[in-house]
Amino acid sequence: RKIPQARITYETILGRSFWAWGSELGANELGVAVGNEAAFSNQINQDDGVCCLDLCRIAAERSTNAKEAVEILGQLVEEFGQGGNTQMMGNFAFDSGLLVSDVSEAYVINCAGKQWAAKKVNDVFAMSNRYQITDDWDFSSLKQNNGIKENFNKLFEDAEKPDSVCATQRENRAQKILEDRKGKISLLDMADIMRDLGEDGQNYEPDKAELKQNFVCMHAKPHP
């Protein structure tokens, strides 16, 4: 199957691996920015589905605003599912978590197989390799039952894998830094967050770091 080409796409700056068509992050000429994280679900991977990297690039290329990016991502996930190899050497697949923003609003999107949910971000917000959305979604492929929304995280997350990459610890650490610097966050601050080594960063040694350390940076650890 092929994803139909869009009649109009927008000039886009991408951050991507040299071997991949898709991207880890991107921003287009209209000010729409998209970034992704691997997420792990209990759904079956589709061999011809759309991988997380490609979702990120397509949303950046085709969206005029953040809400339209949510709509495009939802349509792709529902029609094509997710799948495909996401490693240069090997055969590894995962589902998707994405953040999209424009100059006025932002959304977090969680995707599991052909299901998805999106929540508007109303404050500073960090994400890692897990599903952040529960029953607080604003848009979703899920249906409400008598006004009751289903819990996306409980329905779809493979809980062991996020724990193995310290997703919650890294997300909480990034969230704390954002909250501490709220109102004065600069480009340098964002770079600092990505290389954060925790409260005791001066004594950090990658080869001696413990699996459950509470920092954002992904040197040689916290992977076992």
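Analyst: What follows goes through the labels one at a time, for a predicted model.

User: How do you know that the overall size agrees with a compact globule?

Analyst: The rule is 2.2 Å times the number of residues to the power 0.38. For 224 residues it gives a radius of gyration near 17 Å, and the protein chain has 17 Å, so the two agree. The C-alpha atoms fill a box of roughly 50 × 45 × 35 Å along the principal axes.

User: What elements make up the protein chain, and in which pattern?

Analyst: There are six helices and seven strands. Along the sequence they run β-β-β-α-α-β-β-β-β-α-α-α-α.

User: Why is Cys166 called buried?

Analyst: Buried means under 20% relative accessible area. Cys166 has 0%, so the label holds. Cys166 sits in the loop between helix 4 (160-164) and helix 5 (167-180).

User: What makes the phi of Cys166 worth a remark?

Analyst: Most residues other than glycine have a negative phi. Cys166 is not a glycine, yet its phi is positive, about 55°. Asn146 also has a positive phi, near 55°.

User: Is Asn146 buried or exposed?

Analyst: Exposed means over 50%. Asn146 has a relative accessible area of 77%, so it is exposed. Its place is the loop between strand 7 (139-140) and helix 3 (152-156).

User: How many aromatic pairs does a search of the whole structure find?

Analyst: The search finds three.

User: Why is the pair of Tyr107 and Phe139 called tilted?

Analyst: Ring centres must lie within 6.5 Å to pair; planes under 30 degrees apart are stacked, over 60 edge-to-face, and the rest tilted. Tyr107 and Phe139 are 6.1 Å apart centre to centre, with 55° between the planes, and the pair is tilted. This pair links distant parts of the chain: Tyr107 is in strand 5 (residues 106-112) and Phe139 in strand 7, 32 residues apart.

Technical notes: Residues numbered from 1 in each chain as written. Predicted model: local features only at pLDDT ≥ 70, side-chain atom pairs only at ≥ 80, totals over all residues. Heavy atoms only, no water. Helix = DSSP H or I, 4+ residues; strand = E, 2+ residues; numbered from the N terminus. Buried < 20%, exposed > 50% of the residue type's maximum accessible area, 1.4 Å probe, protein only. Phe/Tyr/Trp six-rings, centres within 6.5 Å; stacked < 30°, edge-to-face > 60°.
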